[in-house]
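Please prepare a briefing on the packing of helices, the arrangement of domains and a few local backbone features of the protein shown here.

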Amino acid sequence: MCGIVGATAHNEVVNLIVDGLRTLEYRGYDSSGIAAQNTTETLIRKEAGNLSALQNSLTKNPLSGTCAIGHTRWATHGKPNRENAHPHISGNAVAVVHNGVIENSNELRQFLINRGYVFTSETDSETIPHMVDLYLNSGVGFFDACRKAIGHLEGSYAIAITFNSEPGKIIAARKGSPLIIAQGEKGYMVASDPIALREKNQIVYYLEDGDIAEVTAETCDFYDSEGKHVSRIGTRLANSKCTTSKNKFASFMQKEIFEQPDSVRATLSGRLVNSRTSNRLFDKGSCTILDKVDNIHIVACGTSLNAGQVAKYWLESIAKIPCQVEIASEYRYRDPVVPPNTLFLSISQSGETADTLAALRFANESPYLGTLGICNTDNSSLYRESEAVILTKAGIEVGVASTKALTTQLTALALLVLKFGELRNSSHVVLDSFADALSHLPEMLEDALKTEEQIKEIAQRISQHKSVLFLGRGHHYPVAIEGALKLKEISYIHAEAYAAGELKHGPLALVDRNMPVVVLCPKNDLLEKLSSNIEEVKARHGQVYLLADHKIDGQSNHEIKDVVEFECGDNLISPITFNVPLQLLAYHTAEYLGKNIDQPRNLAKSVTVE
Ligand code: M6R
């Protein structure tokens with residue numbers, strides 16, 4: 001989703017901004033731009049398309065300046081074209097980059113048009129520089145003009161603003177969208193994601209909701225939503241071991257699929273001791289939050305939601321805790337009933353997903369026993385606003401399609417279930433085998449990765465179809481949903497997942513000799529039932545592809561197109577390992593189709609707007 005990078009320093013900053021924007025590309029964008037101040041004016045370059053279009057424009061018409069703001073835009077209001085790209089400017093003097101959505105932009109636009117302002121874009125964001133300009137014209141200074149203009153904004157925003165008459169100053173503000181400020185050796189930077197700053201700056205300040213900061217090359221002053229001068233504590237940005245380079249891999253997604261054994265190892269590390277959870281399970285808060293829990297509400301979006309669905313099966317079968325899983329964008333707009341002693345559990349890789357955060361904020365005001373987050377991003381909004389957090393240790397995930405974030409979320413959830421099982425005196429035999437399976441999970445994932453060559457062949461065949469069905473039963477049903485999500489997300493092939501028993505209630509009508517049906521077929525108590533469902537597909541000549549952890553007997557007729565056999569581990573953890581061949585299937589199908597795997601069309605890595 002949109003990205004912001006700004007800098008004010010004693011030296012040239014335009015290249016620094018371009019480098020920062022490059023690191024934010026993975027979040028998804030469709031246009032980009034930079035505004036740089038030289039001594040007399042603010043100059044803007046912006047282009048539709050990817051960053052190389054902006055770089056070409058900068059080569060033809062170079063920009064220079066010691067204070068500049070840059071942006072990668074992911075269209076919400078208005079088409080992804082040059083006019084709508086940021087920065088937006090008012091009166092050739094006030095330049096603004098904005099992430100988020102201004103919900104009252106129609107009223108503000110009309111208000112400004114009535115006062116003679118001319119809009120050159122279709123965006124909600126263009127209202128901001130004009131509002132600042134309006135206050136400047138009324139005689140107030142730059143900071144106060146920004147503060148008063150921001151006071152009119154409804155919705156979510158992270159903003160950086162510059163003004164010709166106060167060169168070298170950036171006003172930065174946030175509400176609902178992330179923004180940080182970093183102190184470097186030669187000045188300050190403003191960014192929507194610390195990744196844009198890595199190795200260039202040392203101390204990072206996380207703006208709180210409602211904060212406004214006044215930043216120059218030498219100073220940074222913070223004001224809260226009341227306009228009171230406040231101090232914000234800086235933290236030293238740890239150098240990430242996980243670089244944003246692809247190494248030998250063709251794409252970040254492929255690299256991240258292969259990183260899963262290590263990411264899961266890191267997520268388990270120090271948290272499982274002698275087959276029981278250690279006191280290092282939580283990164284914020286403590287497990288005392290779990291003592292009185294009688295119910296759990298899990299709320300998340302996309303892949304994180306699918307992780308939550310798997311956890312529901314585990315929580316109810318192992319720890320016997322009733323659990324409800326809900327899409328965050330639905331949950332936030334209904335009136336959920338909160339039974340006594342209910343824990344709110346949100347799951348998010350980025351910790352900045354707008355719908356999940358809104359649900360968390362609602363939960364913080366509701367009679368929940370507590371709010372627990374499972375998150376991959378230290379210091380994200382979800383981390384800061386949850387009472388307790390278990391961090392997944394996936395490292396930076398660049399590919400828009402979630403892979404290692406999912407398997408580490410499932411690992412963290414499995415540890416949480418184990419902890420609940422311990423607290424509720426669940427069967428020792430079950431807990432022992434769950435813990436034992438978890439401790440071997442990294443090796444199991446390594447084995448699952450060996451399916452790649454076989455999966456590649458299947459992917460070639462799948463790539464020739466327009467639609468694919470995925471089937472699973474029990475705790476493999478959410479995994480089938482995740483397999484379908486992955487395929488449609490990066491290959492653009494239509495894919496749906498069904499609980500296999502549901503097939504005959506409608507979707508079976510779709511099955512004919514042209515329909516590939518991918519079936520998750522682990523050897524467990526449901527195998528017999530699943531075999532009947534497979535027969536239903538075969539009887540309609542559907543093309544069956546089986547992912548299985550056992551020899552498939554008596555399935556040799558020609559409707560079975562392929563069987564991928566792999567060691568998926570104990571039934572309890574196989575919903576984790578089964579993701580690997582499904583990720584590889586989506587990946588190689590998209591590769592055959594020549595798609596942009598790391599940045600699929602229309603999608604963003606972190607969905608910070610509703
Ligand atoms: O950062 P989050 O985990 O909150 O993101 C939620 C979804 O946007 C995300 O999982 C999305 O579905 C992935 N692109 C799927 O691969």
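This is a predicted model: local features need pLDDT of at least 70, side-chain atom pairs count only at pLDDT 80 or more; totals for chains, interfaces and linings use all residues.

Residues are numbered from 1 along each chain as its sequence is written, and side-chain values use heavy atoms, with hydrogens and water left out.

**Domains**

- The domain assignment of the protein chain gives domain 1 (2-236), domain 2 (248-439) and domain 3 (450-598), the bounds coming from an automatic or database domain assignment.
- The centres of domain 1 and domain 2, taken over C-alpha atoms, are separated by 34 Å.
- In the interface of these two, 10 residues of domain 1 are in contact with 9 residues of domain 2, where contact means heavy atoms within 4.5 Å.
- About 770 Å² is buried between domain 1 and domain 2, and carbon and sulfur atoms give 55% of that area; buried area is the accessible area (1.4 Å probe) that two parts lose on being put together, summed over both.

- Helices (H or I, at least four residues) and strands (E, at least two) are DSSP runs, numbered from the N terminus.
- Helix H8 (residues 302-319) packs with helix H12 (residues 404-423) at an angle of about 25°, their axes being 9 Å apart; axes are lines fitted to C-alpha atoms, for helices over the stretch in contact, and angles run from 0 to 180 degrees between N-to-C directions.
- H8 and H12 are therefore roughly parallel to each other, given that angles under 35 degrees count as roughly parallel, over 145 as roughly antiparallel, 65 to 115 as roughly perpendicular and the rest as oblique.
- The contact involves residues of H8 including Ala307, Val310, Trp314 and Ile318, and residues of H12 including Leu410, Leu413, Val417 and Phe420.
- By class, the contact of H8 with H12 has 13 nonpolar, 5 polar and no charged residues, with Ala, Val, Leu, Ile, Met, Phe, Trp, Tyr, Cys and Pro counted as nonpolar, Asp, Glu, Lys and Arg as charged, and the others, Gly among them, as polar.
- The axes of H8 and helix H16 (residues 477-491) cross at roughly 170° and come within 8 Å, which makes H8 roughly antiparallel to H16.
- Among the residues in this contact are Asn306, Val310 and Tyr313 of H8 and Ile481, Glu482 and Lys486 of H16, and by class the contact has 7 nonpolar, 4 polar and 2 charged residues.

**Helix H7 with H12**

- Helix H7 (residues 260-268) and H12 cross at roughly 30°, with axes that come within 9 Å, and H7 and H12 are therefore roughly parallel to each other.
- Residues of this contact include Val264 and Leu268 of H7 and Lys404, Thr408 and Leu415 of H12; by class, 4 are nonpolar, 6 polar and 1 charged.

**Local backbone and loop features**

- Most residues other than glycine have a negative phi, and most peptide bonds are trans.
- The peptide bond from His86 to Pro87 is cis, with omega near 0°, and Pro87 lies in the loop between strand S4 (67-73) and strand S5 (88-90).
- Asn247, in the loop between strand S15 (235-236) and helix H6 (252-258), has a positive phi near 50°.
- Trp74 also lies in the loop between S4 and S5, and, leaving aside neighbours within four places in sequence, its contacts include Met1, Tyr29, Asp30, Leu603 and Val609.
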